[in-house]
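Work through the following exercises with the sequence and the model side by side. Each task sentence is followed by a solution that goes step by step.

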Amino acid sequence: QVQLSESGGGSVQAGGSLRLSCAASGVTYRRRCMGWFRQGPGKEREGVATIDAEGVNAYYADSVKGRFPISQDNANNTMFLQIDSLKPEDTGMYYCVARGPRAPLCSPLIAAADFAYWGRGTQVTVSS
């Protein structure tokens with residue numbers, strides 16, 4: 001069983017930055033694709049970024065490319081999302097996600113159905 005715990009959210013002004021962290025626990029953490037989703041007020045859930053188990057390939061939603069680099073520290077079972085140049089439309093709850101066991105690769109299409117484990121989320125609020 002994988003448990004995911006997000007942190008790092010907060011309230012910032014447009015143009016600001018935050019660094020989200022996801023602490024993962026579970027026997028097979030290192031062997032799966034992980035990523036981030038978000039859901040803004042009145043919006044559908046959106047896949048933001050994913051990274052494969054070895055950290056070789058990462059995929060991003062068009063809306064965040066170049067602004068939200070994803071990274072991981074496998075030695076400490078932690079994944080990060082650096083969110084820069086924030087815009088009001090980036091406001092929402094950000095969720096850490098992980099695929100099931102023996103699923104180290106990510107799909108370029110970031111689909112919620114691919115992820116078996118979800119954290120409780122961390123809130124990001126961007127004011128104009």
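**Exercise 1.** Does V64 count as buried or exposed, and at what relative accessibility?

Solution. Before the first step, note that this is a predicted model, in which local features need pLDDT of at least 70 and side-chain atom pairs count only at pLDDT 80 or more, while totals for chains, interfaces and linings use all residues. Residues are numbered from 1 along each chain as its sequence is written, and side-chain values use heavy atoms, with hydrogens and water left out.

Step 1: recall the cut-offs, since buried means under 20% relative accessible area, exposed over 50%, and partly exposed in between, with a 1.4 Å probe and protein chains only.
Step 2: V64 has 1% relative accessibility and therefore counts as buried.
Step 3: apart from neighbours within four places in sequence, V64 is in contact with R38 and V48, contact being heavy atoms within 4.5 Å.

**Exercise 2.** Describe the secondary structure and the overall dimensions of the protein chain.

Solution. Step 1: counting the elements of the protein chain gives zero helices and eleven strands.
Step 1: the protein chain is as compact as a globular protein of its length, because its radius of gyration of 13 Å is close to the 14 Å that the globule rule gives for 128 residues; the radius is taken over C-alpha atoms, and the rule is 2.2 Å times the number of residues to the power 0.38.
Step 2: along the principal axes, the C-alpha atoms of the protein chain fill a box of roughly 40 × 25 × 25 Å.
Step 3: of the 128 residues of the protein chain, 43% count as buried.
Step 4: among contacts in the protein chain with a separation of 6 or more, 60% come from residues 24 or more positions apart.

**Exercise 3.** Find the disulfides and state which parts of the protein chain they join.

Solution. Step 1: a disulfide is a covalent bond between the sulfur atoms of two cysteines, and the rule applied here asks for a pair of cysteine sulfur atoms within 2.5 Å.
Step 1: this rule gives two disulfides.
Step 2: one of them joins C22 to C96, with an S to S distance of 2.0 Å. C22 lies in strand β3 (residues 18-25) and C96 in strand β9 (residues 92-98), so this pair ties together parts that are 74 residues apart in sequence. The torsion about the S-S bond of C22 and C96 is about -70°, so this disulfide is left-handed.
Step 3: C33 and C106 form a disulfide with their sulfur atoms 2.1 Å apart. C33 sits in the loop between β3 and β4 (34-39) and C106 in the loop between β9 and β10 (117-118), so the pair ties together parts that are 73 residues apart in sequence. The link of C33 and C106 is right-handed, with 110° about the S-S bond.
Step 4: counting the bonded cysteines along the chain gives the pattern 1-3, 2-4.

**Exercise 4.** Which residues does T50 touch, not counting those up to four places away in sequence?

Step 1: T50 is buried, with a relative accessible area of 1%.
Step 2: the residues that T50 touches include C33 and C106, and also M34, Y59, I70 and F115.
Step 3: return to the disulfide of C33 and C106, and note that both of these cysteines are buried.

Definitions and conventions. Helix = DSSP H or I, 4+ residues; strand = E, 2+ residues; numbered from the N terminus.
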